[in-house]
Amino acid sequence: MPDILPPGSTIGVLGGGQLGRMIALAAAPLGLKTHIFAHHADEPACQVASAMTTGEWTDEAALARFADAVDVVTYEFENVPAATAAFLAARKPVRPGPLALEKTQDRLFEKDFLNGLGIPTAPYAAVENAGALARQVGQIGRPSILKTRRFGYDGKGQFLLREGSDVGAAFRALGGAPCILEGFVPFEREVSVIGARGVDGTFAAFDVCENEHENHILSVTRAPARMAPETAAQAFEICHKILDALDYVGVIAVEMFLVAETGPDGVRREKVVVNEIAPRVHNSGHWTIEGAETSQFEQHVRAICGWPLGSAKIRGQVEMRNLIGDEADRWREIAAEPGAALHLYGKAEARPGRKMGHVTRVILPAAR
Ligand code: AMP
């Protein structure tokens, strides 16, 4: 199977959301086509791609047609079933490979994987039932967070255990699903590293960015993050290590907590602790479209097509704001603002909590 896909090749994307849409929009200027595998024909990515196949993840006839029509397969969300990824990997290169899905779909496997690499995480333990939860809360202490092992996103499938919270109720609230309990990390800020690895193993990462959430949904990303250069170097090293260990091809997002302490000597010490990994392009990397020399979407396309990675250099001070629900109704006002880059995802209905678009503002460095 060829590692290098020339212009004119077709990228198959599993998932029809805004991430797939922005991958398709980044592929087009490089002369590459995209073919989306989605559940419905009106999803955001389908509106801008060259072709689409609609079907369920288990529809092998549809998956086979899709595989025949594309040169490489990638995905815009990490809950692609393992059987779907394996079915496609037998027919076309899947990048990033199924190992990345296996390690990141389950919070327990992910934490075990990170700890196996010596990468710091919150203290954690597997929890299979309410009795185990009571024991583990005794070990890990409070506050701690109970999370379902699989299918959690935007704070869904989580329960914060404070002093006095009822342990049995916490387990029931998450439907009795297999969980992990995590110690609460007293972080100063949340940051992420968007990195990439090419088919030849080359590594590139964008500046570390910092993320603010509202109601568990990403609200604002700012780059570069305020942190010591040594801490940023530590964050890049962690990202690089993860990519190499997964023999990864494509863009990855590593979400981290920045923890800072001022010692008795008055010296501030910072470190990063990994929260979670997304084996895909990520909302906290949208700022790179206008804010870096290559966007995360183009970088992903370059990586999975075996092209040289682009420059990840930042262009200035960047702020990306998500437009959630009816915030996108402000599109006219934003469109009139000089320097504001408006992105709308083509979603028909603005439900509360739904990501409808984003706006990026880059403050360019003063000319010398
Ligand atoms: P997650 O879905 O794991 O990214 O968690 C959603 C949000 O919950 C994170 O962005 C943090 O704000 C918070 N959170 C998750 N895990 C922890 C933790 N172990 N300690 C402190 N805050 C956490």
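Ala-303 lies in helix H10, which covers residues 296-304; helices (H or I, at least four residues) and strands (E, at least two) are DSSP runs numbered from the N terminus. The model is a predicted one, in which local features need pLDDT of at least 70 and side-chain atom pairs count only at pLDDT 80 or more, while totals for chains, interfaces and linings use all residues. Residues are numbered from 1 along each chain as its sequence is written, and side-chain values use heavy atoms, with hydrogens and water left out.

With a relative accessibility of 0%, Ala-303 is buried. Buried stands for under 20% relative accessible area, exposed for over 50%, and partly exposed for what is in between (1.4 Å probe, protein chains only). Ala-303 and Arg-95 are 208 residues apart in sequence, yet their C-alpha atoms are 8.7 Å apart in space.

Cys-305 is also a buried residue, at 0% relative accessible area. Its sulfur is 19 Å from the closest cysteine sulfur, that of Cys-46, so the two are too far apart for a bond. Cys-239 is buried too, at 0%, and its sulfur is 11 Å from the closest cysteine sulfur, in Cys-209, which is again too far for a bond. With a disulfide taken as a pair of cysteine sulfur atoms within 2.5 Å, the count is zero.

On the surface, Glu-214, Asp-326, Glu-327 and Asp-329 form a patch of negative charge. Glu-327 sits in the loop between strand S15 (317-324) and helix H11 (331-335), and is partly exposed at 33% relative accessibility.

Notes:
Patches are made of residues with over 30% relative accessible area and no salt bridge: like charges are joined within 9 Å, nonpolar side chains (Val, Leu, Ile, Met, Phe, Trp, Tyr) within 5 Å. Accessible areas come from the Shrake-Rupley method with a 1.4 Å probe; for residues, only the protein chains shown count as cover. A salt bridge is a side-chain nitrogen of Lys or Arg within 4 Å of a carboxyl oxygen of Asp or Glu. Lys and Arg count as positive and Asp and Glu as negative; His and the chain ends are not counted. The place of a charge is taken as NZ of Lys, CZ of Arg, CG of Asp or CD of Glu.
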